[in-house]
Structures are given as C-alpha cells and as structure tokens.
Amino acid sequence: MLARFLTRLIDGQAAWARPFGDFNHRWLLALFGPIRPVKDFLNGTWLGHPVHAAVTDVPIGLFTGVILLDLLNERAAADAVLVLGILAMVAAAVIGLADYTDTDGTARLRATVHGTLMVVTLLVYLLSLALRVGNPVDRTAPVIVSLLAYGLITAGAYVGGDVVYALGNMVSRHAFRGAGAKWLPVELPMPASELPEGTPTKAKLGVNNLVLVRMGTTIHALHEQCAHAGGPLSAGTIVDGCIQCPWHGSRFRLENGYLARGPAVYDQPAYEVRATEKGGLEARRRST
Ligand code: FES
C-alpha cells in the first residue's frame, strides 16, 4: 500500500522535524499565550468546527484555477488568481498555526513536515509570481514553476490530511460515542454521600469514564476524556462553573458540557445524574 511507504517517508523526517517542531511549539506558545481569545478564534471555538480545514480549500481551488487559466493563456486572470491564492495561503497558514500549537508527539512531527512543505510551496508560488512580472512573452518558466508548486501543495495537503485522518488531530474524541438513553449505575471510588465539594472525581459508567463534580446539592457529570485531544478532565480544575482540561486548557461548562474556551472546538458529552434508593448514583447521557 502506497500510504505505508509515504508514512515511513514522512516519519523519516524526524531527525530535523522533531527539534524544529519543538522549537516552533515554544515560540507559538509564547505568541498565543497572551492572546488566547485570538487563538480560540483561529481554532474555530466560535464555529464549533476547525477553521483551518475549511480555509485550506480556498488556496487549493484558486491555484487549480491558475493552472486552467495558464492553459487558456488568460494571462491577466491567471496572475490575479495567483495573487489571491498566495493571500489565501498566507491566511490558511496563520489559522493553521493555532492548531499546530497544541500538537504533540507524532502529530507535531507530521504537522511540522506539513507546515514546512507549505512554506516551501508559498516561496515557489512567489517565485512564479516574480517571473510573471512585466508579462514576458515566453511564460514557460513561471507556468512550470506554478505546476511545481501545485505538486508541492498536493504533497503538503496529503501530510496535513494525515495529521487529521490518521492521527485524529482536531477530531472530536467522542465522534463514535453513542447517545445511550439508559440509566446505568455509577461506580465511584467512595460512597456517593462523600463525593467532595467542587473537586473533580473520576467515576465509571459502564464502559465510559466520567468526571463528577459536586456543587452544593447538584452533581455534574461529564465524560472524563477531553473532546480536544483526550486529556483527563478528572485532573482538571474548576473555573467559573467550568472544568478546565489540564493539557491545553479547554473549558467546558459543568451543567451541560458546552465549550467555553478552546482550543477544543466541540462540546463535551454531559450526563444527567440521579440518586438511587440504595444511596448510590445512576447516570445517562444528556441529549444535546
Ligand atoms: S486535551 Fe487539549 S484541551 Fe484537553
């Protein structure tokens, strides 16, 4: 299978991609740390969907148009669309940096290869644009350079897609979790009456792990695995009626699991909790 070869090729870049990715991680954290709402906006917290994945289609579509217009020898139109494609590519790159900031391990390695390929692609497109300046009679060179860049952007898009489809980066960790309207017994590490106030406590509900938080007479329950990248919410902290993930700081409202802060872009599964006659607890997933 071709994908196995390509995966080995991508991961074979670890010697430079790992240290380069770690370096990028540090400056991106320093950059976005003081402007977290901006990063949330770029991640897509406001949309409930990753923005980068949608925006990347724009430059690819425009660059496809450049090929067609070059073939038709529509010079002015090809050059104008090339400029738009370059601008769209810069926008997609800036948005992608927000997602890249929170990658770890193999996802960071492959995202580094993806980002590097895209920067090289951008430079090659800029070269094509420079070669078009003055509308030379013979446009063979800029057209060939554009085609080369299109090959590079295709390779870069493949690696970027791999980060999502093969590694699940920015994919909801609860994509395949069923709703399940049945009440099930909650397994707690202590009697329900001793559930501590305002402290995340891990519990089991069938095959799922939950995090329970008692606030006065109400017991809130969310799935324990963070929707962003699977962080353990039972190790999180309570802030303004939300639970904050210890890994990248996403916040989910205790009462309904709604996303309050990124980098997650999806809500967290929430559960209704009720007391049983024997002094235990039962829970079932809330409908969204
Ligand atoms: S795993 Fe990233 S914020 Fe929870």
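Visitor: Which helix gives the nonpolar patch its largest share?
Guide: This is a predicted model; local features need pLDDT of at least 70, side-chain atom pairs 80 or more, while totals for chains, interfaces and linings use all residues. Numbering runs from 1 along each chain as its sequence is written, and side-chain values use heavy atoms, without hydrogens or water. Helices are DSSP runs of H or I, at least four residues, numbered from the N terminus. Five patch residues, the largest share, come from residues 14-32, helix H2.

Visitor: What area does the nonpolar surface patch have?
Guide: Patch residues have over 30% relative accessible area and no salt bridge, with nonpolar side chains (Val, Leu, Ile, Met, Phe, Trp, Tyr) joined within 5 Å. Areas are Shrake-Rupley values with a 1.4 Å probe; for residues, only the protein chains shown count as cover. Trp-16, Phe-20, Phe-23, Trp-27, Leu-31, Ile-35 and Val-38 make up about 620 Å².

Visitor: At roughly what angle do the axes of H1 and H7 cross?
Guide: Axes are lines fitted to C-alpha atoms over the stretch in contact; angles run from 0 to 180 degrees between N-to-C directions. The axes of H1 (residues 2-11) and H7 (residues 105-132) come within 9 Å and cross at roughly 90°.

Visitor: Which residue forms a salt bridge with Arg-139?
Guide: A salt bridge puts a side-chain nitrogen of Lys or Arg within 4 Å of a carboxyl oxygen of Asp or Glu. The whole structure has eleven. Here the closest N and O atoms are 3.0 Å apart, and the partner of Arg-139 is Asp-79.

How values were computed:
Helix = DSSP H or I, 4+ residues; strand = E, 2+ residues; numbered from the N terminus. Patch = residues over 30% accessible without salt bridge, like charges linked within 9 Å, V, L, I, M, F, W, Y side chains within 5 Å.
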